[in-house]
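Please look over the sequence and the model below. This report covers sheets, helices and charged pairs.

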Amino acid sequence: MVIGSRRDILGGVGAGIMLAGMATRASAAPSRKIGYAIVGLGSYATRQIMPNFAGCDHARIVALVSGTPAKLETYGAQYGVPATHRYSYKDFDCIRDNPDIDAVYIILPNSLHAEYAIRAAQAGKHVMCEKPMATSVADCEAMIAACKKAGKKLMIGYRSRFEPYNRLAIDLARSGHVGPTRFITAEHGFPIRAGQWRLDRPLSGGGSMMDIGIYSLNAARYLTGEEPVEVSAVESTDRSDPRFRTVEDRISFLLRFPSGIIANCISSYSSSHNSYRVTGTQGWIDMDPATPYEGQTMTIRKDGVVAPRTLPAPAKNQFAGQLDHLAECILKGGTPIVPGEEGLADMRVIEAIYKSAAQGTSVRIKA
Ligand code: NAD
């Protein structure tokens, strides 16, 4: 990868947001690390989240929750979590009596997020919850209310908000680096394997839109900094494909934002996509790929000149940045940049997308 000069990296309109993030991290180091209980020891938890605590300054794993004793044994030994800090789903509520646990990180199938977030708040713990926050607006609202009542923080695992290229793209798009934004295109999808909970509506709450299309939606919202006021969606699903008996495959959706920006988005469970482009009056900002675990690539066309934009490898990757962010909010008393309200905002639009696709008409979204 080509690394730009320091002037190139820190100069220009991208500097503000990058430096703001760094300043937060560089400020007075909190005295202790926040203890997380990991709830659900599946693929994302064990392959991405748990290993990345090693890069955290303010967060550590102190407890594990799983329905599989062998996993508790294996990962407990690997991460130094003693038997007293390993829980089954049945004794989940006993986390209340463990003062080492400050926060829980819910990494379960989507429809279980609300139940465990609410139980965690009731047990007096802060909550980090994976995307999608839940499977309905009503559940999102109940989670926010439970955390508010308990006086606990609620953050959604929107990791791209802690990834430098996405942060730069937000800054460039919102500051009009390529002129005022006219269009956004955002595409996310992958060919899904059969035989998993993602294809079982009671556990997933929906198909590609809940799982991967949410990245297109979330990007359109964070790149504009606006909430869409109207959505128009078209779904295409081959119901004879055994994978798609209960959930949708493809959805294409258009969002209209208050400033007039139009976002044209793709969600797919049968084709590969991971990109977005912000087109302004003077050019475009391209991210391809945009939201993978690593390897984001940015290209900018401004006034007819096309050039890559490169950043140095960050001191902290997006996973450690996300984990430390909630920890710092707890330690210093801040509000997460991706609170429950952010998950709720996505869910409101997802419900409108499903409604539009079902009705065959555009749907207005109330503020
Ligand atoms: P997974 O299937 O690998 O893991 C899910 C875990 O939940 C498993 O350990 C399973 O045993 C457990 N579980 C508990 N109760 C269950 C039940 N009733 N049915 C099925 N499993 C049950 O899934 P995953 O890929 O780790 O996804 C978990 C969550 O993380 C999802 O909400 C997903 O959207 C999210 N995720 C986020 C990212 C990201 O980049 N932010 C990436 C992958 C997954």
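Predicted model: local features only at pLDDT ≥ 70, side-chain atom pairs only at ≥ 80, totals over all residues.

## The nine-strand sheet

Nine strands make up an open sheet with mixed pairing. Their order is β14-β13-β12-β11-β7-β10-β9-β8-β15. The edges are taken by β14 (305–309) and β15 (363–364). Each of these has a single partner strand, so one side of each lacks a neighbour in the sheet.

Two antiparallel pairs can be followed in detail. Strand β11 (residues 273–280) pairs with strand β12 (residues 283–287) over five bridges, in the antiparallel sense. Here Gly280 stands opposite Gly283 in β12. β13 and β14 also run antiparallel, joined by five bridges. Arg301 has Val306 in β14 as its bridge partner. β13 and β14 form a hairpin with two residues between them. In that turn, Asp303 has a positive phi of about 50°.

## The six-strand sheet

Another open sheet has six strands, in the order β3-β2-β1-β4-β5-β6. Its pairing is parallel. β3 (86–87) and β6 are the edge strands, and each pairs on one side only.

Within this sheet, strand β4 (residues 103–106) and strand β5 (residues 126–129) pair in the parallel sense over four bridges. Tyr105 has Met128 in β5 as its bridge partner.

Helix α7 (residues 164–174) packs on the nine-strand sheet. α7 touches β7, β11, β12, β13 (298–302) and β14. The direction of α7 makes about 20° with that of β13.

Helix α11 lies across β8, β9 and β15. α11 runs at about 60° to β8.

Just after α11, Gly360 takes a positive phi of about 75°.

The buried residues of α11 include Gly340, Leu344, Met347, Val349, Ile350 and Ile353. The buried residues of α11 pack against α6 (137–150), β6 (154–156), α9, β8, β9 and β15.

How are α6 and α11 oriented, roughly parallel or roughly antiparallel? They pack at an angle of about 170°, with their axes 9 Å apart. Angles over 145 degrees count as roughly antiparallel, and α6 and α11 therefore fall in that class. On the α6 side, the contact involves Val137, Cys140, Glu141 and Ile144. These meet residues of α11 including Gly340, Leu344, Met347 and Glu351.

## Salt bridges

The structure holds 19 salt bridges. Side chains of opposite charge can pair when their charged atoms come close.

Asp211 lies in helix α9 (residues 208–224), while Arg198 is in the loop between β7 (181–189) and α8 (201–204). The pair therefore ties together parts that are 13 residues apart in sequence. Asp211 counts as buried, at 6% relative accessibility. Arg198 is partly exposed, at 26%.

A second bridge connects Glu342 and Arg221, at 3.0 Å from N to O. This pair links distant parts of the chain: Glu342 sits in helix α11 (residues 340–359) and Arg221 in helix α9, 121 residues apart. Are these two side chains buried or exposed? Glu342 counts as buried at 14% relative accessibility, and Arg221 counts as buried at 4%. Both also belong to a network of salt bridges that links Arg161, Arg221, Glu227, Glu342 and Asp346.

In the nine-strand sheet, Arg256 forms a salt bridge with Glu230. The closest N and O atoms are 2.8 Å apart. Arg256 is in strand β9 (residues 250–256) and Glu230 in strand β8 (residues 230–236), 26 residues apart. Arg256 is partly exposed, with a relative accessible area of 32%. Glu230 counts as buried, at 18% relative accessibility.

How values were computed: Residues numbered from 1 in each chain as written. Heavy atoms only, no water. Salt bridge = Lys/Arg side-chain N within 4 Å of Asp/Glu carboxyl O. Buried < 20%, exposed > 50% of the residue type's maximum accessible area, 1.4 Å probe, protein only. Pairing = 2+ DSSP bridges. Contact = heavy atoms within 4.5 Å. Axes fitted to C-alpha atoms, helices over the stretch in contact; angles between N-to-C directions. Parallel < 35°, antiparallel > 145°, perpendicular 65-115°, else oblique.
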